[in-house]
Amino acid sequence: MKKELFDSPWDFTLYEENGVKFLEVVYCNSFVDFSRKFKLLEDETDFDFEELKKLAEDIRNNYEKYKDREIKV
């Protein structure tokens with residue numbers, strides 16, 4: 001069962017499911033808003049709220065760097 005751990009509206013939500021943590025990052029465009037989910041690396045699983053905000057921003061600005069960790073639904 002998916003459990004919400006942190007939420008920053010219109011920014012990101014951190015979830016844990018089956019022992020795996022993932023970050024759902026919101027992308028806001030002028031026409032369409034959407035989100036993408038990314039698996040966290042082991043060293044990222046203990047990030048605090050501010051570190052998660054920075055990570056979400058980095059993911060938005062550098063998708064190519066994180067695309068191999070994206071969880072496709």
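**View A. Lysine 2 and the ring of tyrosine 15.** In this predicted model, lysine 2 lies over the face of tyrosine 15. The distance from the ring centre is 4.4 Å.

View B. The charged end of arginine 36 is placed over the ring of tyrosine 27, at 5.3 Å from the ring centre. A pair of aromatic rings is described by the distance of the centres and the angle of the planes. The structure holds 5 aromatic pairs. One of them joins tyrosine 27 to phenylalanine 34 and is stacked, with 5.0 Å from centre to centre and 0° between the planes. Tyrosine 27 counts as buried because its relative accessibility is 9%, under the 20% limit. Phenylalanine 34, with a relative accessible area of 32%, is partly exposed.

**View C. The edge-to-face pair of phenylalanine 38 and tyrosine 63.** The rings of phenylalanine 38 and tyrosine 63 form an aromatic pair with centres 6.3 Å apart. An angle of 70° separates the two planes, and the pair is edge-to-face because this angle is over 60 degrees. Distant parts of the chain are linked by this pair, whose residues are 25 positions apart. Phenylalanine 38 belongs to strand β4 (residues 33-39), whereas tyrosine 63 belongs to helix α2 (residues 63-66). Phenylalanine 38 has a relative accessibility of 0% and therefore counts as buried.

**View D. A cluster of phenylalanine rings.** Phe6, Phe12 and Phe49 are joined into a cluster by ring pairs.

Conventions:
Residues numbered from 1 in each chain as written. Predicted model: local features only at pLDDT ≥ 70, side-chain atom pairs only at ≥ 80, totals over all residues. Heavy atoms only, no water. Phe/Tyr/Trp six-rings, centres within 6.5 Å; stacked < 30°, edge-to-face > 60°. Buried < 20%, exposed > 50% of the residue type's maximum accessible area, 1.4 Å probe, protein only. Helix = DSSP H or I, 4+ residues; strand = E, 2+ residues; numbered from the N terminus. Lys NZ or Arg CZ within 6 Å of the ring centre and 35° of its normal.
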